[in-house]
Amino acid sequence: MFVLVGQDLLNNPETLTYQLAHEAIHCLGSCENTTRLEEGLATYFGLHNSKISSLRSQIETTNLDTHRRDCLTDIVAMFDINPAALTILRGNAIPFELIKPQQIVELGANDDLARRLCFPG
Ligand SMILES: [Zn+2]
């Protein structure tokens, strides 16, 4: 698997680690049928598991485009409801796109959040 990055990222190690952490989550998916759950998790993981500082993370969060911010909001809501949700959902390496809203509801989310997380991302 390859992750292509531009010269601008190579000149900015903080942003490079954010982007690589983000893409690492996408590497767990099919790379074809991304869901909002996957995009939110990738964004969350990039913001919290890279070398960017917490202050920079806050700034990056406010600079996200609307779609990524919405995906991030939904995954954070899921983590607030059930911090182990992703561990449970992905426990058997089930592809993100095969996770069904009902599985998310069973972990405590309401129907609207569960459906949104399964939308194409
Ligand atoms: Zn992404």
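## How α5 and α8 cross

Helices α5 and α8 cross with a left-handed sense. The model is predicted. The axes of α5 and α8 come within 10 Å, and the crossing angle is roughly 130°. That angle makes α5 oblique to α8.

Which residues make the contact between α5 and α8? From α5 come Asp 74, Ala 77 and Met 78. From α8 come Leu 113, Arg 116 and Leu 117.

## Ala 77 at the contact

Ala 77 sits in helix α5. Is Ala 77 buried or partly exposed? Ala 77 has 15 C-beta neighbours inside 10 Å, so it counts as partly exposed; a buried residue needs 20 or more.

Ala 77 and Leu 113 both belong to the contact between α5 and α8. In sequence, 36 residues separate Ala 77 from Leu 113. In space, their C-alpha atoms are 8.3 Å apart.

## The two sides of α5

Helix α5 runs over residues 66-81, which is 16 residues. At 1.5 Å a residue, α5 should span 22 Å. The C-alpha atoms at its ends are 22 Å apart, so expectation and model agree.

The buried residues of α5 are Arg 68, Cys 71, Leu 72, Asp 74, Ile 75 and Met 78. They lie on the same side of α5, because they cover an arc of only 165° around the axis. An α-helix has 3.6 residues a turn, so residues three or four places apart point the same way. On the face turned away from the buried side, α5 carries the exposed residues Thr 66 and Asp 80.

What covers the buried residues of α5? The cover includes α3 (36-48), α4 (54-63), α6 (85-89) and α8 (111-118).

## The enclosed helix α3

Helix α3 is part of the cover over α5. Its 13 residues should span 18 Å at 1.5 Å a residue. The end C-alpha atoms of α3 are 18 Å apart, which agrees.

Why is α3 described as largely enclosed by the rest of the structure? The reason is that 12 of its 13 residues are buried.

Technical notes:
Residues are numbered from 1 along each chain as its sequence is written. This is a predicted model: local features need pLDDT of at least 70, side-chain atom pairs count only at pLDDT 80 or more; totals for chains, interfaces and linings use all residues. Helices (H or I, at least four residues) and strands (E, at least two) are DSSP runs, numbered from the N terminus. The expected span of a helix is 1.5 Å times one less than its number of residues. The arc is that of the directions from the helix axis to the C-beta atoms. Two residues are in contact if their C-beta atoms, placed from the backbone, lie within 7 Å. Axes are lines fitted to C-alpha atoms, for helices over the stretch in contact, and angles run from 0 to 180 degrees between N-to-C directions. Angles under 35 degrees count as roughly parallel, over 145 as roughly antiparallel, 65 to 115 as roughly perpendicular and the rest as oblique. A crossing is left-handed if the near helix is turned anticlockwise from the far one by less than a right angle, and right-handed if clockwise.
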